[in-house]
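Biologist: I would like a close look at a single part of this model, followed by its surroundings. Please keep to geometry and give the cut-offs as you go.

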Amino acid sequence: MPSPHPRLLTLSPKELLVLELLLRHQELYGLQLVAASRGQLKRGTVYVTLGRMEEKGYITSKLDAPPSGTGGMPRRIYTVTALGRRMFMAWTSGAKQLVPEWGR
Amino acid sequence: MRPPGTLLRAVAVRLFAANTIDYVIDPAIADMQAEYEDASRRGLSWRKRWICLRGYLSFFAMIVAHGRAVRAMNGGVTRLRGLSLDVRLALRLLVKHLGLTVVGTIAMAFAIWSGIVAFEFYTQIMRPALPLAGGDRIVGIVMVDTATRGERAPTLHDFVAWREALTSVPDLAAYRDRNWNLIVGDAAPEPVPVAEISAATFRVLRERPVLGRPLVEADEKPDAPWVVVIGHDVWQSRFASDPNVIGRELRLGNVPHTIVGVMPEGFRFPLAHGFWVPLRLDPVNYPRQQSPVLRVFGRLAPGATVETAQPELTVLGVTLARRSLGEGGAAAASPDTHKQLEPQVVPYIDSIFGGFSADSTSEVFSGNLLSVLLVFLVCGNVALLMFARAATRENEILLRTALGAGRGRIMGQLFVEALVLAMVAALVAVTFAQLAWHSLFAMVTENMFDNRVPFWMHSSVSPRTLVYAALLTLVAAAIAGLLPGLKVTRGIGTRLRQSGPGGGGLRFGGIWTVLIVMQVAVMAIVPTPVIAIYGDAVKGARAAKAGLVPEQYLAATMAMDRGKVPGAADATFTDRFTAATQELERRLEAEPGVTGVTVASVLPLMDHPSRQIDVDEGRAAPADRTVGHRWVSSASVALDFFDVLDAPILSGRAFHSGDLLPGARTVIVNQSFAQVVLGGNNPIGRRLRYVSLTQQNGNDPWYQVVGVVRDFGIDPEDRDPRRDSRRARVYHPLVPGGSYPVRMAVHTTGDPLLFASRLRSIARDVEPTLQISEIARFDQVAAAGARTMTLLFWAFLALAFVVVLLSLTGIYSVLSFTASQRTREVGIRVALGGRPGHVVAVLFRGPMTQIVLGILIGLVIADRISEGDMVRVIAVYGCAVVAISALATLGPVRRALRIQPIDALRAE
């Protein structure tokens with residue numbers, strides 16, 4: 001989702017979780033993120049979060065080929081961008097410095 | 001079939017911008033579809049439904065989340081392109097007033113749900129459309145007794161005479177229903193419904209086989225080879241869709257038939273048949289008195305209708321009656337009876353059911369009407385809640401009016417709010433209606449069609465019903481939205497000029513007051529039938545356990561092919577049947593793991609026939625004066641019946657072979673009989689006789705009681721006099737061949753169901769034409785009987801829940817509304833030193849009077865309609881209703897007492 005306006009780069013806890021999961025698994029579908037988050041991400045909100053993160057440039061997505069024979073729609077699979085990776089690293093290293101317990 | 005979420009996407013495209021569709025909606029739907037496909041592949045039908053339901057619910061959560069996200073990104077400006085202001089407002093209100101959304105959704109969903117189920121019942125069972133080419137032109141012809149209005153099936157002679165003379169129904173065909181054992185290869189025999197049917201059927205119905213040929217007139221000749229046309233399902237399941245099935249053989253009973261055709265998928269005419277054999281009946285071979293009974297149907301001639309065909313048939317009927325009188329046939333033997341018979345053309349479905357009288361049709365129609373009334377009633381209640389909500393938004397409405405919004409614009413907004421709520425409710429209603437229809441469908445096919453699915457019925461809710469549901473949704477939205485709209489906007493100009501900043505010009509009117517009293521009354525009444533039905537269900541479950549170990553017994557019904565087919569034994573049918581059942585019993589008893597086998601006309605836990613009796617002159621319990629005679633249930637049982645069921649004879653003796661002699665006339669009664677009929681006196685030696693309802697001539701034979709057996713299969717704690725006839729039982733000795741069909745009970749040491757296949761196999765060895773059906777464990781027999789009661793219980797419980805929920809929220813909203821409208825008055829009273837208790841009393845005197853009045857009215861009615869032993873229950877429930885109502889007042893009371901005088905006065 002290309003952003004029409006430049007925005008302040010912020011990272012909410014949910015976005016951080018999405019980045020962490022995507023960095024761990026390389027690429028995931030929306031529902032796989034919900035399953036991997038063990039209840040921290042919800043079906044009703046995960047796609048809005050993903051859309052917002054794509055708009056911010058943290059992640060990127062591509063469409064799969066449409067499933068054959070079922071008439072279903074192609075699935076969208078998500079991966080982390082370089083910006084998303086840097087954002088994640090910056091946040092986690094910053095957090096380790098601010099909250100020493102997190103770095104142990 | 002469209003993949004799930006297609007409709008949802010179509011809605012979303014109207015609501016959201018393309019970017020949102022591509023990056024938010026489409027990924028969600030694609031993931032849901034993938035999950036659904038995975039469940040499909042694994043055959044998990046329940047999981048599929050759950051995925052859809054969860055997907056739809058998530059969609060609403062997504063709308064809210066998306067709205068918040070966009071608002072956050074755009075500094076409070078929402079960019080829901082294409083979404084009208086009213087719909088956006090309505091969606092936000094759904095989330096903001098979550099309580100009203102939940103209550104309103106549940107209530108409206110229940111009303112729409114009941115409408116869907118009632119409509120589906122009407123359109124699938126009472127007035128279905130036949131899925132045949134020109135199905136509405138297919139008619140049946142029945143004989144109607146003009147004196148009793150009862151229907152009788154026509155005979156072969158009637159059919160032949162009509163076929164030759166009737167011009168309004170030129171294509172006429174007939175069939176008779178058979179039940180024969182099917183044997184394909186080495187498979188175990190299985191009873192299947194077979195239609196012996198005229199070759200003309202395929203012309204009348206305009207249906208052609210997909211393979212081979214239909215039956216033709218030449219197949220009806222007596223010396224023609226035996227042929228059969230099979231159904232698509234049979235072709236797939238029994239012959240693995242073999243393209244070379246034509247010419248293969250199968251056995252129906254003990255006669256091999258050659259397959260000549262395969263009918264298309266879904267063709268199961270005349271009811272739920274998969275086998276069609278030629279009807280080979282020549283009237284020359286039958287005297288008129290013994291003419292076989294048939295079902296006759298045909299296609300109306302072009303331009304003819306049921307009404308125009310009837311006069312011709314009536315004239316023909318009179319002519320034929322006269323001719324038969326002249327011939328000295330059956331009519332001459334009983335001319336009065338024959339004179340009363342009149343042939344009638346009826347829609348095909350009516351000729352099948354026969355029992356659906358005008359009364360029962362009107363009952364179902366009334367049921368539909370009732371469900372529509374329920375929509376009105378429930379939506380009236382929801383309207384009350386919507387009105388209370390609209391009253392809290394009076395300032396907003398006044399402001400919009402001041403800015404130029406007309407009355408229509410305000411009402412339109414309230415209608416859209418109600419429509420969005422009603423659509424959510426409709427979604428829930430359709431989902432649950434699908435589940436309910438599944439249960440109802442299973443119950444109907446089990447009770448009315450012996451677990452066979454008629455060709456016009458389907459287990460899913462039809463598209464026509466969905467259109468009806470959409471109409472109900474519109475009606476619901478109109479009531480819940482427009483009524484408050486009318487009330488809120490009435491005199492809005494005056495209020496705009498007169499009101500201060502606090503608004504407060506709105507008042508509840510007389511109609512709402514009556515509505516509140518009524519719904520509180522209904523809340524008090526509604527548990528009465530629920531408790532009664534629950535009581536019946538509990539009694540049924542208790543009866544299943546009483547005096548029996550139902551898990552150890554296998555029940556089965558035995559019948560035999562009655563068809564007069566070549567190769568049949570020369571012995572009479574009854575003799576053959578008796579010999580077969582006795583041999584089967586003997587073979588079963590020799591099986592390891594079987595400890596006993598017995599037969600009876602009816603088994604414990606099944607419905608026993610009830611009959612009226614007279615007892616001899618000795619002492620008896622006082623008879624019911626309104627009836628004059630006592631009712632008992634009866635059964636004919638084999639000599640070893642009580643031994644096998646482990647029911648000891650408490651006094652007197654058991655049956656022995658002497659009781660089977662003609663003129664022996666002995667019976668055994670149960671303990672309840674002695675208690676209910678004889679007032680606890682000793683029944684041994686007493687005599688009883690059955691009383692005919694129509695002829696009380698006193699010539700019925702007397703039966704002597706020779707023994708008393710322990711009660712079993714009867715609820716020991718049931719003391720309800722209305723069920724005396726079920727408890728008091730009379731057992732007759734079963735003469736071999738004295739019951740057809742006959743029920744068998746097999747006592748096994750392990751799980752009886754594991755023995756079912758062995759039972760079928762032994763039966764096949766004994767006699768291939770012996771039909772074993774309704775195999776079930778005793779406890780399953782009881783469960784089948786309780787299913788209707790369970791469904792009824794849940795429906796009433798849901799109704800009770802909705803009524804109570806609506807009443808409580810109604811009370812809550814009225815009190816909240818009262819408190820908010822009298823803010824200034826409360827402030828002044830507190831400022832002048834009014835005590836809190838007094839202020840609350842003044843504030844809520846009116847609403848509480850309505851509640852108490854409603855409860856009193858409801859409890860009085862509940863007391864009238866309930867049985868004696870429910871008075872205590874009603875009293876307890878009455879207290880509970882008062883307590884719950886008081887709880888509903890807590891919030892508004894607290895809110896009223898928190899009002900500070902300075903705040904109240906500042907509002908001015």
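Where in H2(B) does the kink lie, and what is its angle?

Modeller: The kink in H2(B) is at Ile25(B), shortly before the proline Pro27(B), and amounts to about 35°. The bend at a residue is the angle between two fitted axes, one for the seven residues ending there and one for the seven starting there. This is a predicted model, in which local features need pLDDT of at least 70 and side-chain atom pairs count only at pLDDT 80 or more, while totals for chains, interfaces and linings use all residues; side-chain values use heavy atoms, without hydrogens and water. Residues are numbered from 1 along each chain as its sequence is written, with chains lettered from A and ligands numbered from 1 in the order in which they are written.

As for length, the 24 residues of H2(B) should span 34 Å at 1.5 Å a residue, and the end C-alpha atoms are 32 Å apart, which agrees. The expected span is 1.5 Å times one less than the number of residues. Helices (H or I, at least four residues) and strands (E, at least two) are DSSP runs numbered from the N terminus. After H2(B) comes Gly43(B), with a positive phi near 70°.

Chain B brings 26 residues to the contact and chain A brings 23, contact being heavy atoms within 4.5 Å. About 2,100 Å² is buried between the two chains, 64% of it from carbon and sulfur atoms; buried area is the accessible area (1.4 Å probe) lost on putting two parts together, summed over both. Two salt bridges are counted between chain B and chain A, a salt bridge being a side-chain nitrogen of Lys or Arg within 4 Å of a carboxyl oxygen of Asp or Glu. In one salt bridge, Asp31(B) pairs with Arg75(A) at 2.7 Å, N to O.

On the chain B side that touches chain A, the elements giving two or more residues are helix H2 (18–41) and helix H3 (45–73) of chain B. H2(B) supplies the largest share, 16 residues. By class, that side of chain B has 14 nonpolar, five polar and seven charged residues. Here Ala, Val, Leu, Ile, Met, Phe, Trp, Tyr, Cys and Pro are nonpolar, Asp, Glu, Lys and Arg are charged, and the others, Gly among them, are polar.

Over all chains, the whole structure has 22 salt bridges. Arg178(B) and Glu196(B) form a salt bridge, with the closest N and O atoms 3.2 Å apart. Arg178(B) is in strand E3 (residues 171–183) and Glu196(B) in strand E4 (residues 190–197) of chain B, so the pair ties together parts 18 residues apart in sequence.
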